[in-house]
Amino acid sequence: MDLRCPKCNSTEIRRVSLVYEEGLFRSEGRTRLSAVVAGGGGPDLVVGRATSRGTHQSALSKRLATPVKWLYLNVIGWSVLAFLCVGWLVFYVNTVTTNTSTVLSPPLTLFAVLSAVFLAFLLVFVWRHNHSTYSRECAEWSRSFVCERCGTVSQRGLAD
């Protein structure tokens with residue numbers, strides 16, 4: 001099978017997954033420190049240990065990154081934060097304008113119901129992305145090739 005770039009007709013193409021992994025560098029380092037310190041209060045012994053981990057990624061590897069699943073926890077966390085902030089604002093405006101100290105009011109109840117509906121909509125949207133769009137993007141990513149001459153990303157790398 002003759003694989004060629006559809007843009008420049010080059011045969012120098014490679015799988016996107018391979019180029020992505022080659023541009024990803026993970027490093028780990030460990031350090032140990034031992035010392036004796038003499039001071040005004042007498043000698044002290046200092047012992048320390050450190051571990052550092054890092055990831056470095058090339059620009060090409062970032063461009064060819066794998067598709068990402070959306071996290072339900074992020075949606076729920078940001079929704080709770082927005083609900084508390086805006087809910088506090090609705091509560092405050094309602095108590096100041098009506099000069100009442102009741103906690104439960106029609107605007108606050110309406111806001112709570114609308115927030116629950118919006119959260120349900122967001123969760124369905126994330127579920128739909130993770131079960132249809134994400135799987136399609138992963139399949140496309142695994143079939144993709146990148147041309148080493150011009151940088152074009154193409155499916156199957158075949159020039160038709």
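Let's start with strand β4, residues 144-147, which is covered on both of its faces. S144 and V146 sit on one side, F145 and C147 on the other, and all of them are buried, where buried means under 20% relative accessible area, exposed means over 50%, and partly exposed is in between, with a 1.4 Å probe and protein chains only. In a regular strand, remember, side chains alternate between the two faces of the sheet.

Quick housekeeping: this is a predicted model, with local features needing pLDDT of at least 70 and side-chain atom pairs counting only at pLDDT 80 or more, while totals for chains, interfaces and linings use all residues. Residues are numbered from 1 along each chain as its sequence is written, and side-chain values use heavy atoms, leaving out hydrogens and water. When I say helix or strand, I mean DSSP runs numbered from the N terminus: H or I with at least four residues for helices, E with at least two for strands.

So who are the neighbours of β4? Strand β1, residues 13-15, runs antiparallel to β4 and is joined to it by 3 bridges; two strands pair if DSSP finds at least two bridges between them. Across that pairing, R15 stands opposite F145. Then there's β5, residues 153-155, also antiparallel to β4 and joined by 3 bridges. There, V146 has V153 as its bridge partner. β4 and β5 make a hairpin with 5 residues between them, and G151 in the turn has a positive phi of about 85°.

While we're on phi: most residues other than glycine have a negative one. N9 has a positive phi of about 65° although it is not a glycine. You'll find N9 in the segment before β1, and with a relative accessible area of 44% it is partly exposed.

Now, the aromatics. How many aromatic pairs does the structure hold? There are 4, counting rings of Phe, Tyr and Trp (its six-membered ring) with centres within 6.5 Å; planes under 30 degrees apart are stacked, over 60 edge-to-face, and the rest tilted. One of them is F83 with F111: the centres are 5.4 Å apart and the planes at 10°, so that pair is stacked. The pair links distant parts of the chain, with F83 in helix α3 (residues 72-98) and F111 in helix α4 (residues 106-143), 28 residues apart. F83 is partly exposed at 35%, whereas F111, at 17%, counts as buried.

Next come F121 and F125, also stacked, because their ring centres are 6.4 Å apart and their planes at 15°. Both lie in α4, 4 residues apart, about one turn of the helix. F121 is exposed at 53% relative accessibility, and F125 is partly exposed at 39%. Ring pairs link W70, F121 and F125 into a cluster.

Last stop, the largest pocket. A pocket here is an open set of points on a 1 Å grid over the protein atoms alone, with protein on both sides within 12 Å along at least five of seven lines, and lining residues have an atom within 4 Å of a point. The space in it comes to about 170 Å³. Which residues line it? By type, the lining divides into 9 nonpolar, 2 polar and no charged residues.

Conventions
On a 1 Å grid over the protein atoms alone, a cavity is a set of points where a 1.4 Å probe fits but cannot get out, and a pocket is an open set with protein on both sides within 12 Å along at least five of seven lines; lining residues have an atom within 4 Å of a point. Grid points are joined across faces, edges and corners, and a volume is the space filled by probe spheres set on the points. Ala, Val, Leu, Ile, Met, Phe, Trp, Tyr, Cys and Pro count as nonpolar, Asp, Glu, Lys and Arg as charged, and the others, Gly among them, as polar.
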